[in-house]
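I opened this model to look up its fold, its core and its pockets. My notes follow in the order I made them.

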Amino acid sequence: QVQLVESGGGLVQPGESLRLSCARSGSIFSISNMGWYRQAPGKQREVVATIVAGGSTNYADSAKGRFTISTDNAKSTVSLQMNSLKPEDTAVYYCNFRGLTSTRSILNAWGQGTLVTVSS
């Protein structure tokens, strides 16, 4: 069974940086794409950044120029470097892995969430 463990959240001041990491455990057949999503209080979960197996990335407009998503060659971790953080970036951040499990069933795994608070 695939499990995702996130780390790196915390409290920072506006303008500071944080790096979120998400480590995958459990066997898989393939990973098609990975991403980071966030959910602020009272709001729906929204996509922040995604990266496909080939390496192409996409960012929400709010993240462009400030956030960078990356993964390793084994696609066992996905990270989100967040710079110039703003109070409106405050949310619970979730990582997501999609692909096929070792038994060729659909994989759509989520991390437990890590809280990022940006406040002075």
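By a nonpolar core I mean a set of buried Ala, Val, Leu, Ile, Met, Phe, Trp, Tyr and Cys residues joined through side-chain atoms within 4.5 Å. Buried here is under 20% relative accessible area. I note that the model is a predicted one.

Entry: core. I looked up the largest nonpolar core and found 28 residues in it, of which W36, V48, F67, V78, L80, M82 and Y93 touch the most other members. At least two residues of this core come from each of β3 (18–25), β4 (28–39), β5 (46–52), β7 (67–71), β8 (77–82), β9 (91–101), β10 (106–110) and β11 (114–118). In soluble globular proteins, nonpolar side chains tend to be buried together.

Entry: fold. I counted secondary structure and got 11 strands and 0 helices. The radius of gyration is 14 Å, close to the 14 Å from the globule rule for 120 residues, so I put the protein down as being as compact as a globular protein of that length. I also noted that its C-alpha trace spans about 50 × 25 × 20 Å along the principal axes.

Entry: burial and contacts. I find that 38% of the 120 residues count as buried. Among contacts with a separation of 6 or more, 54% are between residues 24 or more positions apart.

Entry: pocket. I looked up the largest pocket, and its volume is about 150 Å³. Its lining includes R38, K43, E46, R66, K86, E88 and D89. I sorted the lining residues into 7 charged, 3 polar and 2 nonpolar.

Technical notes: Residues are numbered from 1 along each chain as its sequence is written. This is a predicted model: local features need pLDDT of at least 70, side-chain atom pairs count only at pLDDT 80 or more; totals for chains, interfaces and linings use all residues. Side-chain values use heavy atoms; hydrogens and water are left out. On a 1 Å grid over the protein atoms alone, a cavity is a set of points where a 1.4 Å probe fits but cannot get out, and a pocket is an open set with protein on both sides within 12 Å along at least five of seven lines; lining residues have an atom within 4 Å of a point. Grid points are joined across faces, edges and corners, and a volume is the space filled by probe spheres set on the points. Ala, Val, Leu, Ile, Met, Phe, Trp, Tyr, Cys and Pro count as nonpolar, Asp, Glu, Lys and Arg as charged, and the others, Gly among them, as polar. Buried means under 20% relative accessible area, exposed over 50%, partly exposed in between (1.4 Å probe, protein chains only). Helices (H or I, at least four residues) and strands (E, at least two) are DSSP runs, numbered from the N terminus. The radius of gyration is taken over C-alpha atoms; the globule rule is 2.2 Å times the number of residues to the power 0.38. Contact means heavy atoms within 4.5 Å.
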